[in-house]
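The exercises below ask you to read packing and pairing from a three-dimensional model, and each is followed by a solution in steps.

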Amino acid sequence: MFLSRCAAGAALVFAGAWSVAVMGDQGQPPRLKVLISVDMEGVAGAVTGEQLGPTGFEYGRFREFMTREALAAVNAARAAGATEIVVADAHGNGQNLLIDQFPMNVRVIRSWPRRLGMVAGVDDNVDALIYIGYHAGTNNTAGVRAHTFSSANLTRVALNGTNVTEGSWNAAIAGHFNVPVVMMSGDDAAIAEVRKAIGNIEAAETKKSLGFHSASSLTPEASAALIGERVRAALGRRAEFKPYRVAGPVTVDVSFKNYMPAEVLAYLPMFERTDSHSIRFRAKDMVEASLIMTFLGEYRIDITP
Ligand SMILES: [Zn+2]
């Protein structure tokens, strides 16, 4: 995501996937609920703000390409036996995906703020989490549009002393609910970074990063085909993926691009100011940490309505 945050979550019921599923004890197909968190920076072809927000000259086209990649994941998940699918629009304003292009039995989570951010919709009933269009973290020297939660406002987010990406942070939230991340798509730097943090998940490399604003990319058609293939592979061996669990309490360090957020937040005893631009807080678990991060990104005294 970019601007003030990235986020994801959504849910829905498939009546159709039963033919490929193994019947359960009561003759019902086994339940398989999949959450797909969709960001945009990692979509094939996306390289600059021209593709990533409503003021960019290519944004309209890239909403279509983002939707195409998300649909590739949806259709592959259904083919792999998903009985319920939720898609979370987790980029920018959270209103990027063209929801009329999704099948009737998918739910789409949109806009912000929302609890659990990019992985809104995750809970104990979700069986697998998939990332589409994800990108590298803000401390990565490679990676197209590398940032963590907010390119405009944050220069570092660390969990228990280790810098996080959106992929590893969201994996820790999902891990709280015993939900494993099974697959991601994005550029080569993003995939390497997330795999290093949470393990060797399935991945679809949509492009190779040539810099912050350049890449050697697959075409949208090739990217969607690869995503479908890797989603099917991931769900086919989903039992091999373990939840990324970070035991509470957790310590979170946040560095701001500007000076004032750290100064003002440090008026609250729950925030320790660790340097001119940084604060630290403790949370009892990843859900509480996520809520505090959401507050840091969303609160303004003139927030409306
Ligand atoms: Zn984004």
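**Exercise 1.** Which strands does helix 7 lie across, and at about what angle does helix 7 run to strand 12?

Solution. The model is a predicted one, and its local features are read only where pLDDT is at least 70. Helix 7 lies across strand 5, strand 10 and strand 12, and its direction is at about 145° to that of strand 12. To place these strands, consider the open sheet of five strands, whose order is 6-5-10-12-11 and whose pairing is antiparallel. The edges of this sheet are strand 6 (162–163) and strand 11, each of which pairs on one side only. Within the sheet, strand 5 and strand 10 are joined in the antiparallel sense over five bridges, and R156 has S255 in strand 10 as its bridge partner.

**Exercise 2.** Determine how helix 3 and helix 7 are oriented to each other, and describe the residues that bring them together.

Solution. Begin with the geometry: helix 3 (residues 166–176) and helix 7 (residues 286–298) pack at an angle of about 135°, and their axes are 9 Å apart. Since angles over 145 degrees would count as roughly antiparallel and 65 to 115 as roughly perpendicular, helix 3 is therefore oblique to helix 7. Next, list the residues in contact: helix 3 contributes W169, A172, I173 and H176, while helix 7 contributes M286, V287, A289, S290 and M293. Sorted by class, this contact has seven nonpolar and two polar residues, with no charged residue.

**Exercise 3.** How many of the 11 residues of helix 3 are buried, and against which elements do the buried residues pack?

Solution. Taking buried to mean under 20% relative accessible area, one finds 10 of the 11 residues of helix 3 buried, so this helix is largely enclosed by the rest of the structure. The buried residues include E166, W169, N170 and I173. As for their surroundings, the buried residues of helix 3 pack against strand 4, strand 5 (154–159), strand 7, helix 4, strand 10 (250–256) and helix 7.

**Exercise 4.** Work out the order of the seven-stranded sheet, and then describe the pairing and burial of strand 1.

Solution. The seven strands form an open sheet with the order 3-2-1-4-7-8-9, and the pairing is mixed. Strand 3 (106–109) and strand 9 (214–217) are the edge strands, each pairing on one side only. On average, and with direction ignored, neighbouring strands of this sheet are turned by 20° against each other.

Now turn to strand 1 (residues 33–38), which pairs with strand 4 (residues 128–134) in the parallel sense over five bridges. On that side V34 stands opposite A128, and I36 stands opposite I130. Six bridges join strand 1 to strand 2, which also run parallel, and here V34 stands opposite I85. Strand 1 is mostly covered, six of its six residues being buried: K33, L35 and S37 lie on one side, and V34, I36 and V38 on the other.

**Exercise 5.** How many aromatic pairs are counted, and what geometry do the pairs F62–F65 and F271–F281 have?

Solution. With ring centres required to lie within 6.5 Å, the count comes to five aromatic pairs. For F62 and F65 the centres are 4.8 Å apart and the planes stand at 80°, so this pair is edge-to-face. Because F62 and F65 are three residues apart in helix 2, they are separated by about one helical turn. Both F62 and F65 are buried.

The pair of F271 and F281 is likewise edge-to-face, with 5.8 Å from centre to centre and 85° between the planes. This pair links distant parts of the chain, 10 residues apart: F271 belongs to the loop between helix 6 (260–265) and strand 11 (272–275), whereas F281 belongs to strand 12 (residues 278–283). Both F271 and F281 are buried.

How values were computed:
Residues numbered from 1 in each chain as written. Predicted model: local features only at pLDDT ≥ 70, side-chain atom pairs only at ≥ 80, totals over all residues. Heavy atoms only, no water. Axes fitted to C-alpha atoms, helices over the stretch in contact; angles between N-to-C directions. Helix = DSSP H or I, 4+ residues; strand = E, 2+ residues; numbered from the N terminus. Parallel < 35°, antiparallel > 145°, perpendicular 65-115°, else oblique. Contact = heavy atoms within 4.5 Å. Nonpolar A, V, L, I, M, F, W, Y, C, P; charged D, E, K, R; others polar. Pairing = 2+ DSSP bridges. Phe/Tyr/Trp six-rings, centres within 6.5 Å; stacked < 30°, edge-to-face > 60°. Buried < 20%, exposed > 50% of the residue type's maximum accessible area, 1.4 Å probe, protein only.
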